[in-house]
Amino acid sequence: MNLKVRRRDVMPTPQLPTELTDAEIVIQAKLAHGTLRHDPCIGGVVVVRGSQLPCNGCEHILEADDIEMHARFPDGDLLRFHARCFGAWCYATRS
Ligand SMILES: [Zn+2]
């Protein structure tokens with residue numbers, strides 16, 4: 001009896017990348033479902049203090065002591081993000 005397992009017989013184990021945060025997972029899901037725009041914000045980026053409005057990425061409130069980032073689009077649309085969510089959105093839309 002041969003107990004050696006040949007490499008091609010081993011199925012890869014499906015696994016979520018462990019380095020993803022909850023916000024990154026939410027942002028990627030929204031991009032996949034088309035509920036978050038993915039075109040580049042060539043209208044510019046503005047950094048302000050938290051506006052107490054929901055983040056367009058993770059949907060959590062942008063608290064007053066948070067850094068809030070605005071992605072402005074040529075069509076006048078504006079997305080609000082936590083700094084980390086903006087980073088995740090930029091990264092997710094770049095690929
Ligand atoms: Zn956020």
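## Strands, loops and a helix pair in a predicted model

With 14 C-beta neighbours inside 10 Å, V45 counts as partly exposed; a residue is called buried if 20 or more other C-beta atoms lie within 10 Å of its own, exposed if 12 or fewer, and partly exposed in between, with C-beta atoms placed from the backbone. The model is a predicted one, in which local features need pLDDT of at least 70 and side-chain atom pairs count only at pLDDT 80 or more, while totals for chains, interfaces and linings use all residues. Residues are numbered from 1 along each chain as its sequence is written.

V45 belongs to strand β1, residues 44–49. Leaving out residues up to four places away in sequence, V45 touches M69, H70 and A71, where contact requires C-beta atoms, placed from the backbone, within 7 Å. Although V45 and A71 are 26 residues apart along the chain, their C-alpha atoms are separated by 4.7 Å.

Stepping back to the whole protein chain, the secondary structure comes to two helices and three strands (DSSP runs numbered from the N terminus, with helices being H or I of at least four residues and strands being E of at least two). Along the sequence, these elements follow the pattern α-β-β-β-α. Of the 95 residues, 20% count as buried. Among contacts with a separation of 6 or more, 51% join residues 24 or more positions apart.

The two helices come next. Two packed helices are described by the angle between their axes and the distance between the axes. Helix α1 (residues 22–33) packs against helix α2 (residues 83–94) at about 45°, with the axes 9 Å apart. Here the axes are lines fitted to C-alpha atoms, for helices over the stretch in contact, and angles run from 0 to 180 degrees between N-to-C directions. The pair α1 and α2 is therefore oblique; angles under 35 degrees count as roughly parallel, over 145 as roughly antiparallel, 65 to 115 as roughly perpendicular and the rest as oblique. On the α1 side, the contact is made by A23, E24, I27, Q28 and L31, and on the α2 side by R84, C85, A88, W89, A92 and T93. These residues divide into seven nonpolar, two polar and two charged (nonpolar covers Ala, Val, Leu, Ile, Met, Phe, Trp, Tyr, Cys and Pro, charged covers Asp, Glu, Lys and Arg, and polar covers the others, Gly among them).

In soluble globular proteins, nonpolar side chains tend to be buried together. The largest nonpolar core has 13 residues, of which F81, C85, F86 and W89 touch the most other members; such a core is a set of buried Ala, Val, Leu, Ile, Met, Phe, Trp, Tyr and Cys residues joined through C-beta atoms within 7 Å. Two or more residues each come from α1, β2 (67–72) and α2, and α2 gives the largest share, four residues. Beyond its neighbours within four places in sequence, W89 is in contact with I27, G57 and F81.

Finally, the loops deserve a look. Q52, in the loop between β1 and β2, has a positive phi of about 70° although it is not a glycine. E59 lies in the loop between β1 and β2, and has a positive phi of about 75° although it is not a glycine. Q52 is exposed, with 11 other C-beta atoms within 10 Å, and E59 is exposed, with 12. R37 sits in the loop between α1 and β1 and, with 17 C-beta neighbours inside 10 Å, counts as partly exposed. R37 and T93 are 56 residues apart in sequence and 8.8 Å apart in space, C-alpha to C-alpha.

Conventions:
Contact = placed C-beta atoms within 7 Å.
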